[in-house]
Amino acid sequence: MSMPLRYFFKEAWSSFGRGGAMSLVAVLVLTLAALSLGSYALLRQNTLYWIAKAENRFEAVVYMKDGSNQDAAVALSDRLRALPRVKDLRLVSPAEASQELSKDRGLSEFVAALNGDNPLPWSARVRLESADAPSLEAFEAEAEVLDGVDSVDWGKDSVEAVLKWLKLLRSALLALGFTLAVCAVIVTASVVRLTLYARRGEISIMRLVGAGQWFIRIPLMMEGALQGALGGLLGAALLFGAGRLIAARAMHDLQLDLGASLPYGVGPLFLLGLVLASALLGLLGSLLALGGSVREPG
Amino acid sequence: MIEFQDVSKTYEGDVLALKGVTLSIARGEFVFLTGPSGAGKSSLLDLLTRERKPSSGYVRVDGIDLGSLHDSQVPALRRRMGIILQDFRLLYDRSVFDNVSFALRVLGLPEAEIRRDTEAALEKVGLAGKADLRPHKLSGGEQQRVAVARALARDPEWVLADEPTGNLDAETSMDIFRLLQVANQRGATVVVATHNQSVIQSMGKRVVRMRAGLVESDAPEEKK
């Protein structure tokens, strides 16, 4: 038996209209699901952006031995650059280091008390490809054996603690995303099951005239996808509106440009993604809810 | 050929609806099933439409054992049947035309053929002018005629009707039975469960009388 796709589309569309209050409830539930998933997606993207930014700040400082001159410092910095995992390196002269210290409120008096003497050594600030503790530790081991290196400092204790928290935050985001997705599918399936219960008479008539399982299922699944897409669109519109409102309040009350701090917002790609994800959610919910409801009784 | 061989059907709670029924109906026959409520008429039809499976014994339609028929093969069996029930079973949120055309649509026919056959079926039952109406705008008799049109639109091999005139007046009932008779004359095997004794007597067909899940008598009725 051939599957008349045009009929399925038409049937899904009209059935969505005929569903009345039940269709509305399904769309509202899917809107809430899209709102939760959309908020999560924005939270995740912006948080990962900040995690990456925070991780990029970790660097190792290689102090050179007292009395090293500029030529020796440049030569040593070339050898450091050649080490594996090194992303970039900035050579800091004693004068630059002193200038930086004088900008620090706590240390400016100490610098002033030196009366022009500069005991600070040449140093190199090194960023690695991967800013995790094992990479920094490995770099320390490789750098401190080089001739001319006095010591390597990467704030082992504090960096390890911060990196541990960032890792935990990534795992929490993953768990939250998974939980939200599972809840959204379960809630959607429950609502679709209610709409199917209301249409059990219609399904029994379809079976009576010899409609096969997929002939009954496909329009219902398409209807679920349609409800999901509409829910996604509404969810994205609500997120966009809420985002604009919060950004305006933040600028007005706190003079804070949220757009600059949180680069990921509701753009066209996000909108398309949320509509597609919600349509998929509606489809999955319908598939789950349909389960054995169109099978033959014994 | 329809065959019931020592068929019993027990429902939940050990309710015995059929007790070892043996019966055969030849291709092209018109048979009435009659008897008091709870006699087992509807259970017999439910087994024929494979709405239910027998608890023991065999139900065969053209050699197909319905008890061991896989669920996935049931729709194909039903597409060869025209089923009419007392409560019409219409889709009330669709037009009369859509109700009838749905039975043809599941056959996967081309759109033009669906339209042609639906119009022909509605013409046959005298509802050609009401194709665009919703069923709730029609009288009970007209609604049952929609159900008959749906059942007959695809020229079924078997027409199975369970109390098709249970809610209808005498004149409308005769109209419905005349339509079933026409289907029978065109070659369909017709099995009708009914309480309507006046129709049974006026048609002079084979009558299977049932009581308490058993076949009490099986003989042609003399036309009066």
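Q: How many of the 5 residues of β6(B) are buried?
A: A residue is buried if 20 or more other C-beta atoms, placed from the backbone, lie within 10 Å of its own, exposed if 12 or fewer, and partly exposed in between. B:M81, B:I83 and B:L85 on one side of β6(B) are buried, as are B:G82 and B:I84 on the other. β6(B) is mostly covered, and the number of its residues that are buried is 5 of 5.

Q: What kind of model is this?
A: Residues are numbered from 1 along each chain as its sequence is written, while chains are lettered from A and ligands numbered from 1 in the order in which they are written. Local features need pLDDT of at least 70, side-chain atom pairs count only at pLDDT 80 or more, and totals for chains, interfaces and linings use all residues, since the model is predicted.

Q: Which strands are at the edges of the 6-stranded sheet of chain B?
A: This open sheet has the order β6-β7-β8-β3-β9-β10, with mixed pairing. Two of its strands pair on one side only, namely β6 (81-85) and β10 (214-220) of chain B.

Q: Which residue of β8(B) is the bridge partner of B:L160?
A: Strand β7 (residues 158-162) and strand β8 (residues 189-193) of chain B run parallel. They are joined by 5 bridges. Within β8(B), the partner of B:L160 is B:V191.

Q: At what angle to β8(B) does helix α6 (residues 170-185) of chain B run?
A: Angles run from 0 to 180 degrees between N-to-C directions, and axes are lines fitted to C-alpha atoms, for helices over the stretch in contact. Helix α6 of chain B lies across β3, β7 and β8 of chain B. Its angle to β8(B) is about 150°.

Q: What is the order of the 4-stranded sheet of chain B, and which strands stand at its edges?
A: The 4 strands form an open sheet in the order β2-β1-β4-β5, with antiparallel pairing. Each edge strand has a single partner strand, so one side of each is left without a neighbour in the sheet; these are β2 (15-25) and β5 (64-65) of chain B.

Q: Which helix gives the most residues to the side of chain A that touches chain B?
A: Two residues are in contact if their C-beta atoms, placed from the backbone, lie within 7 Å. By this count 17 residues of chain A are in contact with 18 residues of chain B. Both α1 (5-18) and α8 (200-208) of chain A supply at least two residues of the touching side of chain A. The helix that gives the most, with 3 residues, is α8(A).

Q: What is the radius of gyration of chain A?
A: Chain A has 11 helices and 4 strands. It is more spread out than a compact globule, because its radius of gyration is well over the 19 Å that the globule rule gives for 298 residues. The radius is taken over C-alpha atoms, and the rule is 2.2 Å times the number of residues to the power 0.38. For chain A the radius of gyration is 31 Å.

Q: How far apart are the axes of α9(A) and α11(A)?
A: Helix α9 (residues 213-254) and helix α11 (residues 268-290) of chain A pack at an angle of about 145°. The distance between their axes is 7 Å.

Q: Is A:Y40 buried, partly exposed or exposed?
A: A:Y40 lies in helix α2 (residues 21-57) of chain A. Leaving aside residues up to four places away in sequence, A:Y40 touches A:L176, A:G177 and A:L180. Because A:Y40 has 17 C-beta neighbours inside 10 Å, this residue counts as partly exposed.

Technical notes: Two strands pair if DSSP finds at least two bridges between them.
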